[in-house]
Amino acid sequence: MNKKCLGCGVKLQSENELIKGYVKDIKMDYCMRCFRLKHYHEKSDMEFLVDNQKIIDSVNNIEGFVFFFIDILNLYSETINLFKKIKRPKILVISKIDTFGKEISFNVIKNWLNKYFKITEEIIFIQNSFTSSNKILNVIENKNEYEFYFLGITNAGKSTLLNRLIENLENKKNLITVSEMPNTTLDFIKIFLPNGKTIYDSVGLTYNYCFDDYDFMQKTLIKKPINPKTFLLKPFTYLTIENKIYIETVNLNSITFYGSNNLLVKKEYNKELGEPLLINVKDKTNVYLKGVGFLYLKTAGKIKIYGISKENVVVETSFLGGDFYGQN
């Protein structure tokens, strides 16, 4: 039998509860992992490794149109390069745009993506709403394609948006499992639309996280518009995020943190710390802390970061300032 879980898309099996896809009864529609996530918000101790390149290759080798999702707090070279690897016709979908409220305009981000990353494809901005799902549905209806693939960075909100779309079109019982843990979708999930077209929801593509602590990851999740926190750091003064990450400026500099309001961000003084990661920044720079948020530095200088490895930090010219403002 090749029955698949309606939640995550994995093949169902009733032989081994330690292997993904386990069900107590093969007649069940959801694997136990999805059932527990759906009804009890219970995380699983099972680890599922995602091969980003394998997923991308599988999509590149078939006919279809791709919606590629990246949330606004993770727009940097690593995630955008995954989008560039898609060779099929595609649209870049930037999610969670309500995170910034009215602070940033869509045109500014488009100009920034075009200038620094050479993105020429269509860009759509969405939030967690029925309006956004209709925006995607309108694109599907107007394309001369019959198969559409939802790809993107894990936790970018693609499955949530797809659930909104399904709620508009189909039986509300058959919803894709959406959770706050990465990689909820484990295989391609096939969704048939009334117009004869098909959507395939994919496992989320992954990147290195700063930490794999479950409680910390819960705090990093963005559920409300963020309140940026700005600090003026003097010598021997540190900015700390949950007492896990510490930031020190070598020269006097203003730092603004963009991330979940649930994270405790504060100043500390004369802290004994280990070996730092030294970073040179130019004017108007974002320093991304993968899976946590980013630091915005308006003026050039040097900063030291403690408690995080080099591969979990990305430095990019910020979309919050620059000469792409005002471009058409």
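Trainee: Is Asn312 buried or exposed?
Mentor: The model is predicted, so this is a computed value. Asn312 sits in the loop between E15 and strand E16 (313-317). Its relative accessible area is 5%. Buried means under 20%, so Asn312 counts as buried.

Trainee: Which side chain does Asn312 touch in a polar contact?
Mentor: The contact joins two side chains at 3.1 Å. The cut-off for such a pair is 3.5 Å. The partner of Asn312 is Ser309.

Trainee: What is the phi of Asn243?
Mentor: Most residues other than glycine have a negative phi. Asn243 is not a glycine, yet its phi is positive. It lies in the loop between strand E8 (237-241) and strand E9 (245-249).

Trainee: Why does Asn243 count as partly exposed?
Mentor: Buried ends at 20% and exposed starts over 50%, with partly exposed in between. Asn243 falls in that middle class because its relative accessibility is 40%.

Trainee: Which residue in the hairpin of E8 and E9 takes a positive phi near 55°?
Mentor: E8 and E9 run antiparallel, joined by four bridges. The hairpin has three residues between the strands. The residue with that phi is Glu242.

Trainee: Which residue of E9 stands opposite Thr240?
Mentor: Four bridges join E8 to E9. Across from Thr240, the residue in E9 is Tyr246.

Trainee: How many residues of E9 are buried?
Mentor: In a regular strand the side chains alternate between the two faces of the sheet. On one side of E9, Ile245, Ile247 and Thr249 are buried. On the other, Tyr246 and Glu248 are buried too. The count for E9 is five of five.

Trainee: What is the bridge partner of Ile247 in E15?
Mentor: E9 also pairs with strand E15 (residues 301-306). That pairing is antiparallel and runs over four bridges. Ile247 is bridged to Ile305.

Trainee: How many aromatic pairs does the structure hold, and what is the angle between the planes of Trp112 and Phe319?
Mentor: The structure holds 15 aromatic pairs. Trp112 and Phe319 form an edge-to-face pair, 5.2 Å centre to centre. It links distant parts of the chain, Trp112 in helix H4 and Phe319 in the segment after E16, 207 residues apart. The angle between the planes is 75°.

Trainee: Are Trp112 and Phe319 buried or exposed?
Mentor: Both residues belong to one aromatic cluster, along with Tyr76, Phe117, Tyr258, Tyr288 and Phe294. Trp112 and Phe319 are each buried.

Trainee: Which arrangement do Tyr149 and Tyr200 form, stacked or edge-to-face?
Mentor: Their centres are 4.6 Å apart, with 10° between the planes. Planes under 30 degrees apart count as stacked. The pair Tyr149 and Tyr200 is stacked.

Trainee: How many residues apart are Tyr149 and Tyr200?
Mentor: Tyr149 is in strand E4 (residues 147-152). Tyr200 is in strand E6 (residues 198-201).

Trainee: Which ring does the charged end of Lys90 sit over?
Mentor: The cut-off for the distance to the ring centre is 6 Å. The charged end of Lys90 is 4.3 Å from that centre. The ring belongs to Phe83.

Trainee: Is Lys118 buried or exposed?
Mentor: Lys118 lies in the loop between helix H4 (106-117) and strand E3 (123-125). Its phi is positive, near 55°. With a relative accessible area of 59%, Lys118 is exposed.

Technical notes: Residues are numbered from 1 along each chain as its sequence is written. This is a predicted model: local features need pLDDT of at least 70, side-chain atom pairs count only at pLDDT 80 or more; totals for chains, interfaces and linings use all residues. Side-chain values use heavy atoms; hydrogens and water are left out. Helices (H or I, at least four residues) and strands (E, at least two) are DSSP runs, numbered from the N terminus. Buried means under 20% relative accessible area, exposed over 50%, partly exposed in between (1.4 Å probe, protein chains only). Two strands pair if DSSP finds at least two bridges between them. A polar contact is a pair of N or O atoms within 3.5 Å; within protein, one must be able to donate a hydrogen and the other to accept it, and residues adjacent in sequence count only if both atoms are side-chain atoms. Rings of Phe, Tyr and Trp (its six-membered ring) pair if their centres lie within 6.5 Å; planes under 30 degrees apart count as stacked, over 60 as edge-to-face and the rest as tilted. A charge sits over a ring if NZ of Lys or CZ of Arg is within 6 Å of the ring centre and within 35 degrees of the ring normal.
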